[in-house]
Amino acid sequence: MALLQERKQEIINEYQVHETDTGSAEVQVAILSERIKKLSSHLQANKKDYSSLRGLMKMIGQRKRLLGYVQKQDPERYRSLISRLGIRG
């Protein structure tokens, strides 16, 4: 369920804070969100793949922690990020 390098680079370019940014919280959340989307579609077709389900839950937890960090640091950046990603209603 790994992302292709081209897709990962597109996500980094879209969400980076500055030119050399590849690992800020925003970029990490965006990459995790893309991986969660891919894994969710896999699990819809393979309902009994419990090891992938566990991986999905771990990714969701990691994204939640990163979003909490961003919210604590800068609430405006947090609101912008979740609206761009289309998560958390």
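**Figure 1. Elements of the protein chain.** Helices (H or I, at least four residues) and strands (E, at least two) are DSSP runs, numbered from the N terminus. The protein chain has four helices and zero strands, and its elements run α-α-α-α from the N terminus on. Taken along the principal axes, the C-alpha atoms of the protein chain fill a box of roughly 40 × 30 × 20 Å. The model is predicted: local features need pLDDT of at least 70, side-chain atom pairs count only at pLDDT 80 or more, and totals for chains, interfaces and linings use all residues. Residues are numbered from 1 along each chain as its sequence is written, and side-chain values use heavy atoms, with hydrogens and water left out.

**Figure 2. Helices α1 and α2.** Two packed helices are described by the angle between their axes and the distance between the axes. Axes are lines fitted to C-alpha atoms, for helices over the stretch in contact, and angles run from 0 to 180 degrees between N-to-C directions. The axes of α1 (residues 5-15) and α2 (residues 25-45) cross at roughly 140° and come within 9 Å. α1 and α2 are therefore oblique to each other (angles under 35 degrees count as roughly parallel, over 145 as roughly antiparallel, 65 to 115 as roughly perpendicular and the rest as oblique). In contact (heavy atoms within 4.5 Å), Arg7, Lys8, Ile11, Ile12 and Tyr15 of α1 meet Glu26, Val27, Ala30, Ile31 and Glu34 of α2. The residues of this contact of α1 with α2 divide into six nonpolar, no polar and four charged. Ala, Val, Leu, Ile, Met, Phe, Trp, Tyr, Cys and Pro count as nonpolar, Asp, Glu, Lys and Arg as charged, and the others, Gly among them, as polar.

**Figure 3. Helices α3 and α4.** The axes of α3 (residues 50-73) and α4 come within 5 Å and cross at roughly 135°. α3 and α4 are therefore oblique to each other. From α3, Leu67, Val70, Gln71 and Gln73 meet Pro75, Arg77, Tyr78, Leu81 and Ile82 in α4. By class, the contact of α3 with α4 has six nonpolar, two polar and one charged residues.

**Figure 4. Helices α2 and α4.** The axes of α2 and α4 cross at roughly 25° and come within 11 Å, and the two helices are therefore roughly parallel to each other. Glu26, Val29, Ala30 and Ser33 in α2 meet Arg77, Leu81 and Leu85 in α4. Four nonpolar, one polar and two charged residues make up the contact of α2 with α4.

**Figure 5. Lining of the largest pocket.** A pocket is an open set of points on a 1 Å grid over the protein atoms alone, where a 1.4 Å probe fits, with protein on both sides within 12 Å along at least five of seven lines; lining residues have an atom within 4 Å of a point. The lining of the largest pocket includes Arg7, Tyr15, Ser33, Lys37, Arg63 and Ile87. α1, α2 and α4 (75-85) each supply at least two residues of this lining. By class, the lining has five nonpolar, one polar and six charged residues.
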